Amino acid sequence: MDPPEFQEQPQTSEKPYECLSCGVKMVAIEVQPEYGYCVLVAVGSSFMLVWKAMQVGSMRKKLKIHYPTMYSPNNDLFNCYQRAHQNTLENYPTFLTLLLLGGLYNPVVSAVGGAVWCVGRIAYALGYYTGDPKKRMRGGFGYFGLFAMLYCTVRLGTGMLGWF
């Protein structure tokens, strides 16, 4: 079977490539140099995760909570440290998806949104580390960053479909 041939169509904002042998239209995505900001925010976010893991490990050692105990039945302060880390891990796949896909639409807005989310997660953890779970809401501003990345990702998808 011969590989499909592609013919470049006149430049439009819609679907610029069409497979001649199969009739399927394709979308070309240009990765802007500023996408590097998104990559750097993704790398920086991994340092934030490592910092949180180290905080949990430090509290585990200080309070003598041995592995494989995930949560302490009698130490809520440790549980606050553990939850701060665990909750970030639970949200991390969504964060990376929105950061990296949204960055294809607008890398600067997406990278700034990602940085805001990361700082929000740090504020969330520092509030939780007080032992008062209500203080974790200090990091609520991180959702502004998440919404910015979500906007960019939705615009990418709708643009690829030719809706906008």
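This is a predicted model: local features need pLDDT of at least 70, side-chain atom pairs count only at pLDDT 80 or more; totals for chains, interfaces and linings use all residues.
Residues are numbered from 1 along each chain as its sequence is written, and side-chain values use heavy atoms, with hydrogens and water left out. Helices here are DSSP runs (H or I, at least four residues), numbered from the N terminus.

**Helix 1 on its own**

- Helix 1 covers residues 35–63, and its 29 residues reach 43 Å from the first C-alpha to the last.
- That span is close to the 42 Å expected at 1.5 Å a residue (the expected span is 1.5 Å times one less than the number of residues).
- Tyr35, Cys38, Val41, Ala42, Ser45, Met48, Leu49, Lys52, Val56, Met59 and Arg60 are buried in helix 1. Buried means under 20% relative accessible area, exposed means over 50%, and partly exposed is in between (1.4 Å probe, protein chains only).
- Helix 2 and helix 3 (107–128) are among the things that cover these buried residues.
- Take Ser45, which sits in helix 1: with a relative accessible area of 0%, Ser45 is buried.
- Once you leave aside neighbours within four places in sequence, Ser45 is in contact (heavy atoms within 4.5 Å) with Tyr92, Phe95, Leu96 and Cys118.

**How the helices pack**

- To describe two packed helices, you give the angle between their axes and the distance between the axes.
- The axes are lines fitted to C-alpha atoms, for helices over the stretch in contact, and the angles run from 0 to 180 degrees between N-to-C directions.
- Helix 1 packs against helix 2 (residues 76–105) at about 170°, with the axes 10 Å apart.
- Helix 1 and helix 2 are therefore roughly antiparallel. The cut-offs are under 35 degrees for roughly parallel, over 145 for roughly antiparallel and 65 to 115 for roughly perpendicular, with the rest oblique.
- The contact of helix 1 with helix 2 has 21 nonpolar, seven polar and two charged residues. Here Ala, Val, Leu, Ile, Met, Phe, Trp, Tyr, Cys and Pro count as nonpolar, Asp, Glu, Lys and Arg as charged, and the others, Gly among them, as polar.
- With helix 3, the axis of helix 1 crosses at roughly 10° and the axes come within 8 Å.
- Helix 1 and helix 3 are therefore roughly parallel.
- The contact of helix 1 with helix 3 has 16 nonpolar, three polar and two charged residues.

**Aromatic rings**

- The structure has seven aromatic pairs. Rings of Phe, Tyr and Trp (its six-membered ring) pair if their centres lie within 6.5 Å; planes under 30 degrees apart are stacked, over 60 edge-to-face, and the rest tilted.
- Tyr124 and Tyr128 are four residues apart in helix 3, so about one helical turn separates them.
- Tyr124 is buried at 10% relative accessible area, and Tyr128 is buried at 10% too.
- Ring pairs also link Trp51, Tyr81 and Tyr129 into a cluster.

- Cys80 belongs to helix 2 and counts as buried at 5% relative accessibility.
- Cys80 and Tyr128 are 48 residues apart in sequence, yet 5.6 Å apart in space, C-alpha to C-alpha.
- Not counting residues up to four places away in sequence, Cys80 touches Tyr128, Gly131 and Pro133.
- Asn87 is also in helix 2, and at 16% relative accessibility Asn87 counts as buried.
- With residues up to four places away in sequence not counted, Asn87 touches Arg121 and Tyr124.
- Met160 lies in helix 4 (residues 142–160) and is partly exposed, with a relative accessible area of 32%.
- Met160 and Tyr105 are 55 residues apart in sequence and 10.0 Å apart in space, C-alpha to C-alpha.

- Most residues other than glycine have a negative phi, and most peptide bonds are trans.
- Lys64 has a positive phi of about 55° although it is not a glycine.
- Lys64 lies in the loop between helix 1 and helix 2, just after helix 1, and counts as exposed at 63% relative accessibility.
- Pro68 is in the loop between helix 1 and helix 2, and the peptide bond from Tyr67 to Pro68 is cis, with omega near 5°.

Note on methods: Helices (H or I, at least four residues) and strands (E, at least two) are DSSP runs, numbered from the N terminus.
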